[in-house]
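Me: Could you walk me through reading side-chain pairs and sheets in a protein model? I'd like the general idea, then the real case.

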Amino acid sequence: MQIKDREQVEGGRERVTVVPESVDDLWHLQYVLEPGDRVAGDTTRRIQRNDDQMRDTGGEREHMWVAIAVETIEFHKFANRLRVGGEIVACSREDQLDFHHTLNVEARDEISIEKRFKPDQVARLEEAEEATENPDVAIATVEEGQAHVHTVAQYGTEERATITGTTGKGEYARGRSELFEELATVLTRLEVDAIILAGPGFTKQDAYKYLEDNEPEVADLITMVDTAAVGDRGVHEVLKRGAVADVQEETRIESEAEYIDELTRRIADGAKAAYGPEQVKKAAEFGAIERLLVLDDRLQRERGPDGEWAISVDEIVRTTEQKGGDVTVFSSEFPPGQQLSNLGGIAALLRYRLE
């Protein structure tokens, strides 16, 4: 994410101009934006023409600049776009004011956001800006007869390929080499900065040797890790062991996994932990929160008209920070976030146990 400009505007609001550079950045923006914000950018809009000179043809799309009062925000991961809908409040064509419009924000589109930013939203933008410097990582897990390739993104992991082939050596060696060849093709096309090659036994060493002989540039990116499984379970092992942190200082996924593991351990031991809005609110008021854990989509929901809690989530966040606690917003796209959802969407690691 590029943050190109920040300026204070009237009414205590701030205008931030950003350029998302990846689908990760679009994912971040969906949790920064809220109904009532003002978002502006270049777009195209279908203009109806029906005058004496031109027969109505159903409208032609024209390029223009619009600012909209945000009503809806939808992240479409597989379309690589963020859809932001609302009423046009400023426009390069005055005859389009007050109409409804949807901005389709894609990577490299510049937009400006005007709102009263909450601390966690500013932190999220800064995190996305810092993440631009982190390498992209692929995890390839291999065992006899199969290989899986995943990529690590800030919103979770994504499976890119599952490859199957003949098992064994000797007379089956040709089938085995074909498996490695297909794996090499997938890894070459990913254009990542680092690759973790993992799996049980010695198959990964044989796969590495094949890559070293045939795709040395890919082999140069590889770090090998032993795991008991491949596929999703193998990826989970790689993440839990912190192998990705060797090439990426620390990914969002790994830190969330560490926090949720610590939380569940403390809950099982009856130790310094709280979960659910009422318990966490009480802990915040006592200044007992060391780290607040809150789920991104729950945070967004509770800030809107569909919130279910009788307490203010923003008050909990504000009180936690005022009393020296840290706040981590979890992604609902990854298993640690799903675990947090099962605990009510909000929890806390405490400095001391509340009786």
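Reply: We'll go through charged pairs, then rings, then sheets. A word on provenance: this is a predicted model, where local features need pLDDT of at least 70, side-chain atom pairs count only at pLDDT 80 or more, and totals for chains, interfaces and linings use all residues. Residues are numbered from 1 along each chain as its sequence is written, and side-chain values use heavy atoms, with hydrogens and water left out.

Me: Fine. How many salt bridges does the structure hold?

Reply: General idea: side chains of opposite charge can pair when their charged atoms come close. The cut-off here is a side-chain nitrogen of Lys or Arg within 4 Å of a carboxyl oxygen of Asp or Glu. By that rule the structure holds 29 salt bridges. One of them joins Glu 74 to Arg 83, at 3.9 Å from N to O.

Me: Are Glu 74 and Arg 83 buried or exposed, or in between?

Reply: Buried means under 20% relative accessible area, exposed over 50%, and partly exposed in between, using a 1.4 Å probe and protein chains only. Glu 74 is partly exposed because its relative accessibility is 40%, and Arg 83 gets the same label at 28%.

Me: Where do Glu 285 and Lys 281 sit?

Reply: Both are in helix α8 (residues 277-285), 4 residues apart, so about one helical turn separates them. Helices (H or I, at least four residues) and strands (E, at least two) are DSSP runs, numbered from the N terminus. Glu 285 and Lys 281 form a salt bridge, with their closest N and O atoms 2.6 Å apart. Glu 285 is partly exposed at 41%, and so is Lys 281 at 24%.

Me: And what about Glu 308 and Arg 298?

Reply: Their side chains make a salt bridge too, at 3.5 Å from N to O. This pair links distant parts of the chain: Glu 308 is in the loop between α9 (296-303) and α10 (313-322), while Arg 298 is in helix α9, 10 residues away. Glu 308 is exposed at 59%, whereas Arg 298 is buried at 13%. There's also a network, with Glu 262, Arg 265, Arg 266, Asp 269 and Glu 290 joined by salt bridges that share partners.

Me: On to rings. How many aromatic pairs does a search of the whole structure find?

Reply: The test takes rings of Phe, Tyr and Trp (its six-membered ring) with centres within 6.5 Å; planes under 30 degrees apart count as stacked, over 60 as edge-to-face and the rest as tilted. The search finds 2 pairs. Trp 27 and Tyr 31 have ring centres 6.1 Å apart and planes at 80°, so they are edge-to-face. The two residues lie 4 residues apart in helix α1 (residues 23-32), about one turn. Trp 27 is buried at 0%, and Tyr 31 is buried at 10%. Phe 180 and Tyr 210 form a tilted pair, 6.1 Å centre to centre with 50° between the planes. Phe 180 is in helix α3 (residues 173-190) and Tyr 210 in helix α4 (residues 203-214), so the pair ties together parts 30 residues apart in sequence.

Me: Which residue lies over the face of Trp 27?

Reply: A charge sits over a ring if NZ of Lys or CZ of Arg is within 6 Å of the ring centre and within 35 degrees of the ring normal. Arg 124 does this for Trp 27, at 5.3 Å from the ring centre. Likewise, the charged end of Lys 115 sits over the ring of Phe 117, 5.7 Å from its centre.

Me: Last topic: what is the strand order in the open sheet of 4 strands?

Reply: Strands of a sheet pair through backbone hydrogen bonds, either parallel or antiparallel. Here, two strands pair if DSSP finds at least two bridges between them. The order is β13-β16-β14-β15, with mixed pairing. β13 (273-275) and β15 (326-330) are at the edges with a single partner strand each, so one side of each has no neighbour in the sheet. Strands β14 (residues 289-295) and β16 (residues 346-350) pair in the antiparallel sense over 5 bridges, and Leu 292 stands opposite Ala 348 in β16.
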